[in-house]
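Subject: Structure handover

Hello,

Here is the structure you will be taking over. My notes on what turned up follow below it.

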Amino acid sequence: MTAVLGPVTNYASAAVPGWAAHAWVVWPVFGVLVVVSVGLLLWGRRLDGGASSVRLTPVDGLAGSRHGSLRRQHVEQVRGRETELAFLTGMLRRMPGRFVVVCGAGGLGKTTLAAQLAAQAEEDGWSVFWVRWRNGVDLAQQLTQVAVACGLPEVDLESARAGQENLPDAVWRQLESSRRWLVVLDNVDEPQAVGPGDESVAHYRGWIRPHGGGLLLVTSRDTSTRTWGPLTELLRLEPLAVPDAGQVLLDAAPRAGTPEQARELAGRLGGIPLALHAAGSYLSTATSRYRTFDQYRQALDAELPTLLGAQHPDASDPDVARTVVRHTWEVSLDQLTAEGNLLARPLLRVLSLLAPAPVPLSLLTPGLLTAVTGEAVTVVGLEAALAGLHRYGLLGLPEPTTALEVAQEDSSQVVLHPLVREISALALTSETTEPARWHRALTDRLTEAVHDVAGAGRPGWPTARLLAPQLPLLLEASAPETLTDARDTVTTLADVLNDAGAYAPTHALHQQLLDTHRRLLGPDHPDTLGCRNDLVACRCLILGYLVGMVVSGRCSFPSAGRELV
């Protein structure tokens, strides 16, 4: 053996060039070779379409995100989501063979809540992966990288690349065998595009599945159980309660006023976290015109377009639009339009012109949308628009709470968040050059609806109650020459409400009639005096009703007042 090695060693030694005897030359050459080798390896993996070429966002990297709500200091001050966070923590520990979708309208803090859970899980030693939704291709690469980080063998990955195995199956097989991981898929607002291909999420054969040794958490604006399937836990977020919303403002601008003043502004903003953070950021800026909660709240009524309603120059970028109150809900409307739901936006605009009160579903007809869009609208199209707005959290459809409400089909109603309503109405002014056409179509439909309930008798009473807050629109749009028609419509509804025993809205309508006549015709006009007599008669009727209730012993005087509505 020595005889053999000797010649070989001598041969190798004899082949070493002279420059190799100098260390200051050898080590730089060796370093260059290493760098070139690593570069060629990475380039080869890139050409192979390897998933390792995609970089995931770890939780620590959230602080570098351009989304302010993802920065660690904001995550540490999440307010009013203790119940939701406890639920998610329980899901993380139980790993029940289901995944979670934190869903709701834009601006409610879905990503912030997910980031809070992710930070907590990381502190507890879980492997956390944050995937920001872009498209199906990126998602495939990122989830593949997650599986690799969880131990997916290279041979299995190469087999899937070669088409010998379904890649999602290989990824999820590894995730099922791994433990203590949390994967957050953020902003999956287009579940139909998740894939691969045309695979539906609800079939659980694609990239989103309920099976695994950890927890998959998805944030999305899509709130439909049909979208996500039966093995999903939907956690639908609502606006923050006023005390918690007020605390969000105090966190952002502690010197802007008292807790009570913060709560008043929070109530005006409807408890929407995105609006609260926007207001708090404004108030904490030294150059802002308004520096207190009261000043900002009072300015909102007159300056909504320049405060929360201000447009952003980069609003065409959905990532930017999500962070701006003026644009965040337009992202959902754009998605509905892309799905072929062309009536969702005009329907929301119509609702934004109505009063901030529940709207009877029967008021919304194909004819109304036809009048405002100029296009023929069918019942199917209208129902699809309603369903789309509800699915993306822009429209509330309260469920009946009593057997009587279930039996009264006319009590069906839709609800619009007050701030969504204001911002949508603001957007309408910049979209149309014919706002009068929209108002005329709506007032015509209100008049028609009043005559419908007047002819329906008792079955129309629930709808009459819902129409009452909307009729001031008729009076606001009236001129002296059209006031008679508006008065007839309002008086007709007041008579229906009187028959229904709804004395409070009856009195409110008569008061609004009198105020409008004073404004348009003067206090001494015969029609104004007639409205005054009607109001006095209504008050006498209410007083007689209350006295009768008390005398008969059916209730005390204070509780009798509750019977007025």
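In helix α6, L143, T144, V146 and A147 meet L167, V171, Q174 and L175 of helix α8. Contact here means heavy atoms within 4.5 Å. By class, the α6 contact with α8 has six nonpolar, two polar and no charged residues. The classes are as follows: Ala, Val, Leu, Ile, Met, Phe, Trp, Tyr, Cys and Pro are nonpolar, Asp, Glu, Lys and Arg are charged, and the others, Gly among them, are polar.

This is a predicted model, where local features need pLDDT of at least 70 and side-chain atom pairs count only at pLDDT 80 or more, while totals for chains, interfaces and linings use all residues. Residues are numbered from 1 along each chain as its sequence is written, and side-chain values use heavy atoms, with hydrogens and water left out.

Now the geometry of that pair. α6 spans residues 136-149 and α8 spans 167-177. They pack at about 35°, with their axes 9 Å apart. Axes are lines fitted to C-alpha atoms, for helices over the stretch in contact, and angles run from 0 to 180 degrees between N-to-C directions. The crossing of α6 over α8 is left-handed. That means the near helix is turned anticlockwise from the far one by less than a right angle; clockwise is right-handed.

G151 sits in the loop between α6 and α7 (154-161). Its C-alpha is 7.1 Å from that of Q174, at 23 residues apart in sequence. G151 is partly exposed, at 43% relative accessible area. The cut-offs: buried is under 20% relative accessible area, exposed over 50%, partly exposed in between (1.4 Å probe, protein chains only).

α17 passes α21 in a right-handed crossing. L368, A371, V372 and T373 of α17 touch R437, W438, A441, L442 and R445 of α21. Those residues divide into six nonpolar, one polar and two charged.

Next, the rings. A search of the whole structure gives three aromatic pairs. Rings of Phe, Tyr and Trp (its six-membered ring) pair if their centres lie within 6.5 Å; planes under 30 degrees apart are stacked, over 60 edge-to-face, the rest tilted. F99 and Y204 are edge-to-face, 6.0 Å centre to centre, with 85° between the planes. F99 is in strand β1 (residues 99-103) and Y204 in the loop between β3 (181-186) and β4 (215-220), so the pair ties together parts 105 residues apart in sequence. F99 is buried at 0% relative accessibility, and Y204 is buried at 10%. W172 and W181 are also edge-to-face, at 6.3 Å and 65°. Both are buried.

Then the backbone. Most residues other than glycine have a negative phi, and most peptide bonds are trans. Y204 has a positive phi of about 60°. R180, in the loop between α8 and β3, has phi near 55°. The G195 to P196 peptide bond is cis, with omega near 10°.

Overall, the protein has 27 helices and seven strands. Helices (H or I, at least four residues) and strands (E, at least two) are DSSP runs, numbered from the N terminus. Of its 565 residues, 46% are buried.

Best wishes
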